[in-house]
Amino acid sequence: MLPPGSTIGILGGGQLGRMLAVAAAQLGYRVHIYAPDAESVAAHCAAHHVQAAWDDEPRLAAFAAACDVVTFEFENVPVDTLRFLSGHVAVRPGAEGLEIAQDRLAEKNFVAGLGGCPAPFAAVPDRAALDVALEEIGAPAILKTVRMGYDGKGQARLAAADDADAAWAAIDRHAAVLEGFVAFDHEFSVLLVRGIDGETRFWDSSVNVHAHGILATSSLPPPQIVLDQQDEARALLAEIADALDYVGVLTGEFFATDSGPVFNEMAPRVHNSGHWTIEGAVTSQFENHIRAVAGLPLGDTATIALPVLMRNLIGHDIDSVPTLLADGAAHVHHYGKAEVRDGRKLGHVTWVGSSPA
Ligand code: AMP
């Protein structure tokens, strides 16, 4: 158990790191942020901030020396950075889950190997392979880059095989995976936390609605079909976590379909669809992630009250903060980012036990 006053290092400087830092402070820890970006909203809430490149080994070594444990909030931290740090300090969760999650093809093969059910998929390393994949998978389909895709970026939809050239150009001709289009009823998340001793707890699943590939809302209770499929999805995610000897919060995104839960993707970190847990659960995803990586007992994940609604404030949605603040039941989170841009997540708002007026 990491004693209070210890230092937790976080790789990545975004809002997830910011909310982790707040949770760490509550438990008496200091946080150091390491991120290459000029703007780090996590650093606003941290004791120390290193702005350096992911491959700057002298800076990484100095960062490791100043930390008692290191975790990450950003999915595209290079695996080599984690491996380097692991030689100097405990890194939780380890590099293996991140390595798999960074490669859509590896991720799908890994999950299918554990008995999970991803959408039908085929590797598309080059343009010629796309034609072969389309014959196998059929249309409609979605072409997704193997690496660096998030929030709907690096994706192109194909209504018919004729769209192949346009889709290939739209993803900048990067190595990709072609996925069959899943006719899902709903999208939902499974959020788990696994402690150093392997104890695993789940939060209730939210139903998630996306707009333009970006999460718009997460809400509970989810529809009955999600409740019916939650246990099967949980069992798969727990198996993934066990196989990786995972420590911390792990998120799985699923499609609820007539033939059962279809695995979409996983994130080896706290997740936007778990923001509701700050006010809506006894222990938030952020606190439990800190508890897990610090070796503390895990907190209760039970939902406090229903209904729950979390809505992201994206781009100019942030202008509605004064109005939202006038609703005394709204829990408003402003991430403190300097620049308002379309499609940028700038805050979120949560209602617990009541619906927005
Ligand atoms: P992803 O980045 O893979 O989570 O995709 C972003 C969003 O696109 C998902 O949350 C879904 O709404 C949609 N999507 C992704 N893959 C598929 C699929 N195979 N079939 C239908 N919709 C999909």
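How many bridges join strand 1 (residues 7-11) to strand 2, and do they run parallel or antiparallel? I found five bridges, and the two strands run parallel. Two strands pair if DSSP finds at least two bridges between them.

**Ground rules.** I'm working from a predicted model, so I noted that local features need pLDDT of at least 70, side-chain atom pairs count only at pLDDT 80 or more, and totals for chains, interfaces and linings use all residues. Numbering starts from 1 along each chain as its sequence is written, and side-chain values use heavy atoms, with hydrogens and water left out.

**Overall look.** I looked up the secondary structure and got eleven helices and 17 strands. Helices (H or I, at least four residues) and strands (E, at least two) are DSSP runs, numbered from the N terminus. The radius of gyration is 20 Å, close to the 21 Å from the globule rule for 357 residues, so the protein is as compact as a globular protein of that length. For my own record, that radius is taken over C-alpha atoms, and the rule is 2.2 Å times the number of residues to the power 0.38. The C-alpha trace spans about 60 × 50 × 40 Å along its principal axes.

I got an accessible surface of about 14,500 Å², with 52% of it belonging to carbon and sulfur atoms; the method is Shrake-Rupley with a 1.4 Å probe, and for residues only the protein chains shown count as cover. Of the 357 residues, 54% count as buried. Buried means under 20% relative accessible area, exposed over 50%, and partly exposed in between (1.4 Å probe, protein chains only). I also looked up the charges: 23 side chains are positive and 45 negative, with the centres of the two sets 5 Å apart. Lys and Arg count as positive and Asp and Glu as negative, leaving out His and the chain ends; each charge is placed at NZ of Lys, CZ of Arg, CG of Asp or CD of Glu.

**Back to strand 2.** I checked burial here: five of the six residues of strand 2 (residues 30-35) are buried, so the strand is largely enclosed by the rest of the structure. The bridge partner of T7 in this strand is R30.

**Helix 3.** In helix 3 (residues 79-86) I listed V79, T81, L82, F84 and L85 as buried. These buried residues pack against strand 1, helix 2 (57-66), strand 4 (69-72) and helix 4 (95-101). Contact means heavy atoms within 4.5 Å.

**I137.** I found I137 in helix 6 (residues 127-137), and it counts as buried at 19% relative accessibility. Leaving aside neighbours within four places in sequence, I137 touches P120, F121, A122, L178, E179 and G180.

Most residues other than glycine have a negative phi, and most peptide bonds are trans. I logged a cis peptide bond from R92 to P93, omega near -5°, with P93 in the loop between helix 3 and helix 4. Another cis bond runs from L306 to P307, omega near -5°; P307 sits in the loop between helix 10 (285-293) and strand 15 (308-314).

D172 has a positive phi of about 60°, and R173 has a positive phi near 60°. I placed D172 in the loop between helix 7 (164-170) and strand 8 (176-180), and R173 is in the loop between helix 7 and strand 8. D172 is exposed at 53% relative accessibility, and R173 is exposed at 55%.
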